[in-house]
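Please look at the sequence and the structure before reading on.

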Amino acid sequence: MKLLFDFFPLLLFFAAFKLAGIYVATAVAIVASFLQVGGYWWKRRRFETMHLITLGVIVVFGGLTLALHNDTFIKWKPTILYWTFAALILGSQFIGGKTALERVLGSQMPLPAAVWSRFNFNWGIFFLAMGALNVYIAFYFGLHHDAAWRQEMWVNFKVFGSLVLTFLFAIAHAPFLSKYLDTETGKDTP
């Protein structure tokens with residue numbers, strides 16, 4: 001259920017795009033992000049950092065998209081988010097006693113510090129690459145096609161391509177992480 005809640009604004013963005021275009025979809029994504037943050041606070045009486053960062057970026061870049069009637073700004077939004085996450089994740093390699101991912105997932109996956117460092121680094125690099133890939137798809141992919149086709153391709157990548165790549169990247173870590181986890185007890189293996 002949390003996964004659906006986390007992707008709620010993205011799913012509404014996609015549906016609105018298909019029904020009414022990029023500008024309505026952007027407005028819907030902004031409203032949905034406010035609802036997401038408000039709903040999370042109402043249910044748990046706290047905010048989730050990822051939701052707040054996403055809300056801030058969608059309000060700024062989505063707001064510019066609507067105010068200037070230019071989809072360039074909304075196309076930058078995923079890259080800004082990816083690169084923000086990359087900076088936070090990679091920065092945690094050097095600041096603090098634990099990496100960002102260890103702070104978030106440490107209670108669910110007890111791993112040695114060196115493994116957390118590598119896992120954290122891998123995700124940081126992945127987010128850097130995803131930001132660059134978004135720039136490519138949004139602004140350089142299929143330049144011989146018309147603007148409507150390119151916009152459609154970018155939305156499809158944003159909604160489906162990025163989710164699939166993220167899922168595959170996470171699954172690719174399973175063999176690397178499994179050797180450090182005892183699946184029966186959830187404890188580190190010796």
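**Salt bridges and a loop residue**

A salt bridge joins the side chains of Asp-71 and Lys-75, at 3.4 Å from N to O. The model is a predicted one. Side chains of opposite charge can pair when their charged atoms come close. The count of salt bridges comes to two.

**The pair Asp-71 and Lys-75**

- Asp-71 has a relative accessible area of 15%, and it counts as buried because the cut-off for buried is under 20%.
- Lys-75 is also buried, with a relative accessibility of 6%.

**The pair Lys-18 and Glu-152**

- Lys-18 and Glu-152 form a salt bridge through their side chains, with 2.1 Å from N to O.
- This pair links distant parts of the chain, since its two residues are 134 residues apart.
- Lys-18 belongs to helix α1 (residues 2-20), while Glu-152 belongs to helix α7 (residues 147-172).
- Lys-18 has a relative accessible area of 41% and is partly exposed.
- Glu-152 is partly exposed as well, at a relative accessible area of 25%.

**The loop residue Thr-99**

- Thr-99 lies in the loop between α4 (72-91) and α5 (100-105).
- Is Thr-99 buried or exposed? Thr-99 is buried, because its relative accessible area is 7%, and buried means under 20%.
- Leaving out residues up to four places away in sequence, Thr-99 touches Ser-92, Gln-93, Trp-116, Ser-117 and Asn-120.

Key
Residues numbered from 1 in each chain as written. Predicted model: local features only at pLDDT ≥ 70, side-chain atom pairs only at ≥ 80, totals over all residues. Heavy atoms only, no water. Helix = DSSP H or I, 4+ residues; strand = E, 2+ residues; numbered from the N terminus. Buried < 20%, exposed > 50% of the residue type's maximum accessible area, 1.4 Å probe, protein only. Contact = heavy atoms within 4.5 Å. Salt bridge = Lys/Arg side-chain N within 4 Å of Asp/Glu carboxyl O.
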